[in-house]
Amino acid sequence: MSSPPLWRNRDFQLLMVGNTLNGIGSRMSGLAFPLLALWMTGNAALAGLVGGAVVAGIVVAGVPAGAFVDRWNRRAAMVGSALVAAAAYTTVVVAYQAGHLTIAHLVIAGLVVGAAEAVFEPADTLATKTVVPAEELGSAMSAVQGRQGVTGLVGPPLGGALFAISRSLPVLADVISYVMSAAATLLVRTPLPAPPPDGGAHEPPMRAMRSGLRFVWRHEVLGPVVIVATLLNFAVNGFLLVLIVVLRDRGVRPAGIGLAETAIAVATIVGAVLSAVVLKKLPAGRTLIAGAVLLGICLVACAFVHSYLVVLAVLTVGFLLVPAGNAGFMTYVMLITPDAMQGRVQSALMTSVMGMSPLAPVVGGLLAQWWGGEAALVALGGLTLLTALLVLLIGPLRRMPLLADVQPVGAPEAAAA
């Protein structure tokens with residue numbers, strides 16, 4: 001009996017709707033937090049500290065969170081972490097209304113929310129794996145990439161509009177989005193238990209964390225791809241900061257600079273639609289190479305193109321294959337990872353890749369200051385092209401197969417073999 005298409009998969013749609021609302025809320029609060037810090041202090045460094053608190057919480061809590069996600073029921077993990085995040089942000093709204101909000105409060109709330117996200121994200125990914133048949137995982141991960149584009153398109157401008165009405169309103173909207181995400185998860189009918197551990201007993205937490213990291217770094221594909229993904233993530237985050245500087249220096253107004261992020265969001269949505277087709281035709285390794293090459297060329301081109309509209313078009317083209325590369329790799333990881341280790345592996349990958357993210361804007365700003373904006377764009381675009389070369393040179397990455405040809409770990413055919 002064939003499985004229903006994703007658009008008729010009730011549980012998958014519930015996860016998508018709940019997490020789309022959650023993502024929009026997070027984008028709104030992500031904009032509001034540094035703006036709140038600037039409004040309170042006028043200090044850009046403190047705004048950066050507040051803005052990076054959520055990412056810092058994710059990085060610090062990531063590896064331990066994965067070990068516990070492998071032990072906990074995924075529904076309970078998602079609902080509990082969403083409600084913890086909602087409670088943390090509720091304290092911010094209450095403190096603001098009472099006139100007692102401080103920078104320390106914002107930082108602590110951001111760290112707590114980041115730690116909650118470190119639990120929520122892998123649990124959400126594994127819930128998706130549970131409710132979606134293996135043959136539909138590639139399409140499901142493409143839809144997840146499109147969801148991220150939608151949140152990037154809607155969240156920041158809506159957050160800015162709400163911030164203009166009341167400084168705490170975007171944060172309150174994020175509180176509501178977390179509650180709605182928890183409610184959607186509770187409506188999922190498919191049981192979402194943690195899989196039984198190998199050998200019948202869970203490893204002690206510290207050993208479980210080490211085993212997850214070992215699995216990633218000793219794997220012939222996962223270890224190298226962490227390096228590639230970290231470099232790509234670093235290059236793109238640094239590029240976005242430098243692009244703001246370059247566009248400002250070229251006389252583009254702030255609203256116009258914001259449209260650059262809109263162009264990337266549109267590319268992500270369109271690319272997510274295309275990726276469902278791409279991943280059925282192109283092996284995951286080749287998709288990763290093609291996406292990195294196209295992105296690198298377009299990032300470099302932004303240094304030499306002075307027409308604002310052409311820059312937006314170049315950005316849109318450059319990010320078109322990024323969703324396919326991301327979705328292909330995420331699906332491949334889920335298929336080759338034993339069920340009992342999924343949480344640890346997802347968290348280890350997320351933590352490793354995001355570890356250098358806070359440094360990227362700093363390094364990008366320094367490059368722009370030392371070399372000039374255009375030269376910094378070329379350098380960061382060149383780093384993106386270097387990652388494509390690394391994928392090409394590392395055999396296991398280059399040979400990542402067509403997703404339809406990957407046998408899921410633990411499938412009956414694999415067990416028989």
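User: Which residues does Asp-124 touch, not counting residues up to four places away in sequence?

Analyst: This is a predicted model, where local features need pLDDT of at least 70, side-chain atom pairs count only at pLDDT 80 or more, and totals for chains, interfaces and linings use all residues. Residues are numbered from 1 along each chain as its sequence is written, and side-chain values use heavy atoms, without hydrogens and water. Contact means heavy atoms within 4.5 Å. On that basis, the residues touched by Asp-124 are Leu-15, Asn-19, Met-78 and Arg-147.

User: Is Asp-124 buried or exposed?

Analyst: Asp-124 sits in helix H5 (residues 103-131); helices are DSSP runs of H or I, at least four residues, numbered from the N terminus. Buried means under 20% relative accessible area, exposed over 50%, partly exposed in between (1.4 Å probe, protein chains only). The relative accessible area of Asp-124 is 4%, so the residue is buried.

User: How is H3 oriented relative to H14?

Analyst: Helix H3 (residues 53-69) packs on helix H14 (residues 342-354) at about 165°, axes 7 Å apart. Axes are lines fitted to C-alpha atoms over the stretch in contact, and angles run from 0 to 180 degrees between N-to-C directions. Angles over 145 degrees count as roughly antiparallel. Therefore H3 to H14 is roughly antiparallel.

User: How many of the 15 residues of H13 are buried?

Analyst: The buried residues of H13 include Pro-323, Phe-329, Tyr-332 and Ile-336. H13 is largely enclosed by the rest of the structure, because the buried count among its 15 residues is twelve.

Key:
Helix = DSSP H or I, 4+ residues; strand = E, 2+ residues; numbered from the N terminus. Parallel < 35°, antiparallel > 145°, perpendicular 65-115°, else oblique.
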